[in-house]
Amino acid sequence: MDRSRPARLTPTEDSPVDRTRSSRRHTVRIVRRRTPSRAAMFSLVMALSASAAAFAAWRWWRPAPAAPVYHRTINDVDLNWKCEAGHYFTASGQVADRPCAMCDQPAYVVTLFECPQHGAIEVAVRFTSGADGASRASQFRVNRGFWFPASDPVPCPQCDVPMERKPVDPLDAVNRGKKKGG
Ligand SMILES: [Zn+2]
Ligand SMILES: [Zn+2]
């Protein structure tokens, strides 16, 4: 039963001369050839998927790159600010902390980071001026915790997984809104 199957599957390739010479050997050859090729394909697929998973893991866990650099100066655009008492207001960016317009407590620029599990998380930002005059995010703070360097990963306050900055650039959003409004 088993011997007849491979011979039926490849009737065109088999010349009648080969069959008459040694049909048994030929059948055995086909079976031997097929088995390692399937195993090779399987191991190749496994290796590819394993390397893809490793790459994805590396991309996720790699430390955050250098602090984001804003090519436009933060003094030129309105940013979202939030004071220690929770008041939100919009004002132009500046390197120094800004007193809240309502309660005079210190306020900080807020931006959004994103946890794949817990969604958008508000993160406070402090800026610094580099030697080239460009403003850079220098410190982050999550949920009124401690300030930490902007070069460090930003952990989710709920699951501690490093978060990615939300792809929306707040500077772009503010500019688009201004153009639409007037
Ligand atoms: Zn306030
Ligand atoms: Zn989370």
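Modeller: In this chain, 41% of the contacts with a separation of 6 or more are between residues 24 or more positions apart. Two residues are in contact if their C-beta atoms, placed from the backbone, lie within 7 Å. This is a predicted model: local features need pLDDT of at least 70, side-chain atom pairs count only at pLDDT 80 or more, and totals for chains, interfaces and linings use all residues. Residues are numbered from 1 along each chain as its sequence is written, while chains are lettered from A and ligands numbered from 1 in the order in which they are written.

The chain has three helices and nine strands. These are DSSP runs numbered from the N terminus: helices are H or I with at least four residues, strands are E with at least two. Their order from the N terminus is α-α-β-β-β-β-β-β-β-β-β-α. Of the 182 residues, 11% are buried. Buried means that 20 or more other C-beta atoms lie within 10 Å of the residue's own; exposed means 12 or fewer, and partly exposed is in between, with C-beta atoms placed from the backbone.

Now the core. The largest nonpolar core has 17 residues, and Y108, V109, A124, V125 and F140 touch the most other members. β1, β4 (106–115), β5 (119–129) and β6 (135–142) each give two or more residues to this core. β5 gives the most, with four residues. Such a core is a set of buried Ala, Val, Leu, Ile, Met, Phe, Trp, Tyr and Cys residues joined through C-beta atoms within 7 Å.

F140 is the part to look at closely. Leaving out residues up to four places away in sequence, F140 touches V123, A124, V125, F148, A150 and V154. Strand pairing gives the setting. Two strands pair if DSSP finds at least two bridges between them. β5 and β6 run antiparallel, joined by seven bridges. V123 stands opposite V142 in β6. Five residues separate the strands of this hairpin, and G133 takes a positive phi near 90°. β6 also pairs with β7 (148–149), again in the antiparallel sense, over two bridges. Here F148 in β7 is the bridge partner of F140. The hairpin of β6 and β7 has five residues between the strands, and N143 in the turn has a positive phi of about 55°.

Backbone angles deserve a check. Most residues other than glycine have a negative phi. D104 sits in the loop between β3 (98–99) and β4. D104 counts as exposed because it has 10 C-beta neighbours inside 10 Å. D160, also not a glycine, has a positive phi near 70°. Its loop runs between β8 (154–155) and β9 (162–165). D160 has 10 C-beta neighbours inside 10 Å, so it counts as exposed.

Last, β1, another strand that gives residues to the core. β1 (78–83) and β2 (88–92) have E84 in the loop between them. The two strands run antiparallel, joined by five bridges. L79 stands opposite A91 in β2. In this hairpin, with four residues between the strands, G86 takes a positive phi near 100°. E84 counts as partly exposed because it has 14 C-beta neighbours inside 10 Å. E84 touches Q105 and P106, not counting residues up to four places away in sequence.
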